[in-house]
Amino acid sequence: MASSENRRITDVGTLKALAHPLRADLYRLLYLERAATASQLAARVDEAVSLVSYHLRKLAEHGLIEEAERQSGDGRERWWQPASDGVTIRDADFRDEPQKAAAHLAATRLFHDQRADRYRRYLDERPAWPPEWNAAVIDSEFLLRLTAEELAAMKGELDAVLYKYAEKSRSAAADGRENVALYTYGFPFRL
């Protein structure tokens, strides 16, 4: 059974397993669907079932996903689910060696690129979304002057709000719900 806790990734092997473009997409899909077969996922990512099965097994080898209970009567289907309620990847776990730091940087760039691509797709598809969804979209930029401690405190407060809504999304009926991606970035910069 999946853990209700976030899994903290601290080793390069697991980080690299997740930081593959298709595997990251498959993990996100499983996170949203909660359980799916390779065939279902292959149709969503437009890839061959055999390729998706291979990448699902790689994610499972690193404990990121696990077999789920069968959701249908077809005994040939293998169902998968996330092994935890999400993953946490922290810079501090990868900065002690140059190779680990490089792997973390490459993974972070991949995840950022995928997030930016997802937002660009929304912008391209915006005319097809109903007005109430377009009005609800969050698209803002705040430039603040904070200490590291204030930024960390703000992160904690934002996380608390996000966890509240994540729990609500898992326990509520699906009526009127859509998948929503929310990306927040808070980082220091100099002009």
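1. At 39% relative accessibility, Arg8 counts as partly exposed. Here buried means under 20% relative accessible area, exposed means over 50%, and partly exposed covers what lies in between, with a 1.4 Å probe and protein chains only. This is a predicted model, in which local features need pLDDT of at least 70 and side-chain atom pairs count only at pLDDT 80 or more, while totals for chains, interfaces and linings use all residues. Residues are numbered from 1 along each chain as its sequence is written, and side-chain values use heavy atoms, with hydrogens and water left out.

2. Arg8 has a salt-bridge partner, Asp93. A salt bridge is a side-chain nitrogen of Lys or Arg within 4 Å of a carboxyl oxygen of Asp or Glu. In this pair the closest N and O atoms are 2.8 Å apart. Arg8 sits in strand β1 (residues 7-9) and Asp93 in the loop between β5 (87-89) and α5 (98-125), so the bridge ties together parts that are 85 residues apart in sequence. Asp93 counts as buried, at 17% relative accessibility.

3. Now the overall layout. The protein has seven helices and five strands. Helices (H or I, at least four residues) and strands (E, at least two) are DSSP runs, numbered from the N terminus. Along the sequence the pattern reads β-α-α-β-α-α-β-β-β-α-α-α. The C-alpha trace spans about 60 × 50 × 30 Å along its principal axes.

4. How much of the protein is buried? Of its 191 residues, 25% count as buried. The accessible surface comes to about 13,500 Å², and 53% of that belongs to carbon and sulfur atoms. Accessible areas come from the Shrake-Rupley method with a 1.4 Å probe; for residues, only the protein chains shown count as cover. Contacts are another way in; a contact means heavy atoms within 4.5 Å. Among contacts between residues at least 6 apart in sequence, 63% join residues at least 24 apart.

5. Next, the sheet. Three strands form an open sheet in the order β2-β4-β3, with antiparallel pairing. β2 (36-37) and β3 (65-67) stand at the edges with a single partner strand each, so one side of each is left without a neighbour in the sheet. Two strands pair if DSSP finds at least two bridges between them. β2 and β4 (residues 79-82) pair over two bridges. Ala36 has Trp80 of β4 as its bridge partner.

6. A helix covers this sheet region. Helix α2 (residues 21-33) lies across β2, β3 and β4. The helix runs at about 90° to β4. Axes are lines fitted to C-alpha atoms, for helices over the stretch in contact, and angles run from 0 to 180 degrees between N-to-C directions.

7. Back to charged pairs. The whole structure holds twelve salt bridges. One of them joins Lys58 and Glu61, with the closest N and O atoms 3.6 Å apart. Both residues lie in helix α4 (residues 49-61), three residues apart, about one turn of the helix. Lys58 is partly exposed at 24% relative accessibility. Glu61 is exposed at 57%.

8. Another pair is Arg78 and Glu67, at 3.1 Å between the closest N and O atoms. Arg78 lies in the loop between β3 and β4, and Glu67 in strand β3, so the pair ties together parts that are eleven residues apart in sequence. Arg78 is partly exposed, with a relative accessible area of 38%. Glu67 is also partly exposed, at 47%. There is a network too: salt bridges that share partners join Arg34, Asp85, Glu167 and Arg170.

9. Check two backbone angles. Most residues other than glycine have a negative phi. Arg34 is not a glycine, yet has a positive phi of about 75°. Arg34 is in the loop between α2 and β2 and is partly exposed, at 31%. Asp46 has a positive phi of about 55° and is not a glycine either. Asp46 sits in the loop between α3 (38-45) and α4 and counts as exposed, at 69% relative accessibility.

10. Which residues make the nonpolar surface patch? They are Ile138, Phe142, Leu144, Leu146, Met154, Leu158, Leu162 and Leu182, and the patch is about 750 Å². Patches are made of residues with over 30% relative accessible area and no salt bridge: like charges are joined within 9 Å, nonpolar side chains (Val, Leu, Ile, Met, Phe, Trp, Tyr) within 5 Å. Met154 belongs to helix α7 (residues 148-171). Met154 is partly exposed, with a relative accessible area of 31%.
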